[in-house]
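Welcome! Take a moment to look over the sequence and the 3D view before reading on.

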Amino acid sequence: MNEVLARLGLSEVNPGAASGGWLETHGRVVSSFNPTTGEALASVQLCSAADYRTVVQRAQEAFVGWRMLPAPKRGEIVREIGVALRAHKADLGSLITMEVGKLRSEGEGEVQEAIDMADFAVGLSRQLNGLTMHSERPNHRMYEQWHPLGVVGVITAFNFPHAVWAWNAMLGLVCGDPVIWKPSLKAPLTAIATHQICDAVLARHGWSGVLGLVIGDDADVGEAMIHDRAVPLISATGSCRMGRHIGQAVAARLGRSLLELGGNNAIIVNKDADLDLALRAVAFGAMGTSGERCTTTRRLLLHEDIADTFLPKLVAAYKSVRIGDPLQDGVLVGPLIDEGAVQLFEAAIAAAKTQGAELLAGGARVDGPGHFVQPTLFRAASNLPIVHEETFAPILYVSTWRDLDEAIAMNNAVDQGLSSAIFTDSFRAAERFLSHAGSDCGIANVNIGTSGAEIGGAFGGEKDTGGGREAGSDSWKSYMRRQTNTLNWGTTLPLAQGVKFDL
Ligand code: NAD
């Protein structure tokens, strides 16, 4: 067995459910593969719907005590979780690289994001504040308070197999909620290792069952979770297709869902932009993480006056970028997650050509072991159907424009609304892009690319991206229930709005 896996406590076959220790599971056995080599890393015995119910029941039992622990005390435990993650950062980062194929620095970056979320949540645990309001009635006081919500179900995509759970879990924990995680079957080992490290801290303090893990098939475990009234909040990250289904299932039981779905992100480059800055941002945004970020730059909208100078430099960058084993220094583009992803890449290339796009660089899979493709650049009309789709691969479509309003309209013309950026040295252009009539995305940046958000801001997008917000700012409010309290300390019973009801 690989040394990193062994150090993280993984075995050849691992149980796929945990709640206060590992459970005996009853589902099929699946393997997790290294997309760089195609080799199996280890296996997981999935949990069944019945195993899922055991985990939920334990989480509900844990909630009874956890919600009454003062929030700063919960924060202190989350602080220790951050310390534990720091101690395992290198190994966890390597495991992420081995399991999903992102660069080593990005694997470790994910763990750093979880550590940052823990630190953020510790401070937050003393700031879960409500407002006080002035009552219109004499001798009355009115205020709101935030109570823990209950069991939170977290469904994560393969491409951020560690950090996205942390965005949810660190907030959920300080807010007083048990958190049950259903990770992607493409990255179960990262989930097992992460759970083991974090749960050990909770167990040390007698809080077993507050964190749960269920690794199972969507058709039984996934469906059981999204339809379960014992789980008041489902936070789901993944494709728009998945989000549309989960959003409807949760709404049908009047539950709460927090959806973080697909993106189709554009960078606008104005003719007055610092083109060196823009070039680096486009190259990282479009080729980085092999195009497997929700915030990957998929569309480049260039002012027509700079296209002839900018595009040759971009083509050169595409042709020189080093593709290979993401654990090796100097490699900038690793593999796609699996053969299915390579086939979707190839289908998109074929569709783009059929629809009239002009291939400028890349366009093919890379032979050999692993699931490698060439980062690909097309010049394409911005209204081609393929340009409006999110293909989870490194494909960038370049279109040109003359007038900034036209560029903003192109930016907004797709169904997704996650991230967007403009490169410009014009104050007016930047402000126009950020105005009410500007970008319609949840994230809008100036002279920064579309990917690589910090945890301090609320992360998420509009339209088909689902409308959810996670991580910083006031995202914590999704994990709590608001209660408005009015107290009468007088001796009469005045009614609001002057209503009379004298018996
Ligand atoms: P996916 O939609 O195939 O799967 C996402 C998760 O949903 C997986 O864990 C899967 O098992 C689960 N799922 C699917 N059907 C389910 C069901 N019926 N019940 C319960 N769970 C179910 O997505 P993916 O291929 O893993 O990830 C890539 C997608 O995720 C891209 O579209 C990307 O843009 C998006 N994504 C979005 C964000 C964001 O924050 N907006 C972040 C990362 C990834």
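## Before you start

Please keep in mind that this is a predicted model. A handy rule for reading the helix sections: two packed helices are described by the angle between their axes and by the distance between those axes.

## Helices α3 and α7

Let us begin with α3, which covers residues 71-87, and α7, which covers residues 188-204. Their axes come within 9 Å and cross at roughly 140°. Angles over 145 degrees count as roughly antiparallel, and α3 and α7 are therefore described as oblique to each other. Their crossing is right-handed.

Which residues meet here? On the α3 side they are I77, E80, I81, A84 and L85, and on the α7 side they are I197, C198, V201, L202 and R204. Sorted by type, the residues of this contact comprise eight nonpolar and two charged ones, with no polar residue.

## Helices α4 and α7

Helix α7 also packs with α4, the helix of residues 89-100. Here the axes are 9 Å apart and the angle is about 160°. Because angles over 145 degrees count as roughly antiparallel, α4 and α7 fall into that class. The crossing of this pair is left-handed.

From α4, the contact uses L92, L95, I96 and E99, while α7 brings P188, L189, T190, A193, T194 and I197. Seven of the residues in the contact of α4 with α7 are nonpolar, two are polar and one is charged.

## Helices α3 and α5

Now return to α3 and find α5, residues 104-124. How do these two helices lie relative to each other? Their axes come within 8 Å and cross at roughly 160°, which makes α3 roughly antiparallel to α5. The crossing of α3 and α5 is left-handed.

On α3, the residues in contact are G75, V78, R79, G82, L85 and R86; on α5 they are V111, A114, I115, A118, D119, A121 and V122. This contact holds eight nonpolar, two polar and three charged residues.

## Around the ligand

How many residues surround the ligand? There are 28, and the closest are T156, D218, E223, S239 and E390.

Some of these reach an oxygen atom of the ligand with their side chains. In D218, a polar side-chain atom lies 2.7 Å from a ligand oxygen. For S239, an N or O atom of the side chain is 2.6 Å from an oxygen atom of the ligand. E390 likewise has a side-chain N or O atom 2.6 Å from a ligand oxygen.

Definitions and conventions. Residues numbered from 1 in each chain as written. Predicted model: local features only at pLDDT ≥ 70, side-chain atom pairs only at ≥ 80, totals over all residues. Heavy atoms only, no water. Axes fitted to C-alpha atoms, helices over the stretch in contact; angles between N-to-C directions. Helix = DSSP H or I, 4+ residues; strand = E, 2+ residues; numbered from the N terminus. Parallel < 35°, antiparallel > 145°, perpendicular 65-115°, else oblique. Left-handed = near helix turned anticlockwise from the far one by under 90°. Contact = heavy atoms within 4.5 Å. Nonpolar A, V, L, I, M, F, W, Y, C, P; charged D, E, K, R; others polar. Near = heavy atom within 4 Å. Polar contact = N/O pair within 3.5 Å; in protein donor to acceptor, adjacent residues only side chain to side chain.
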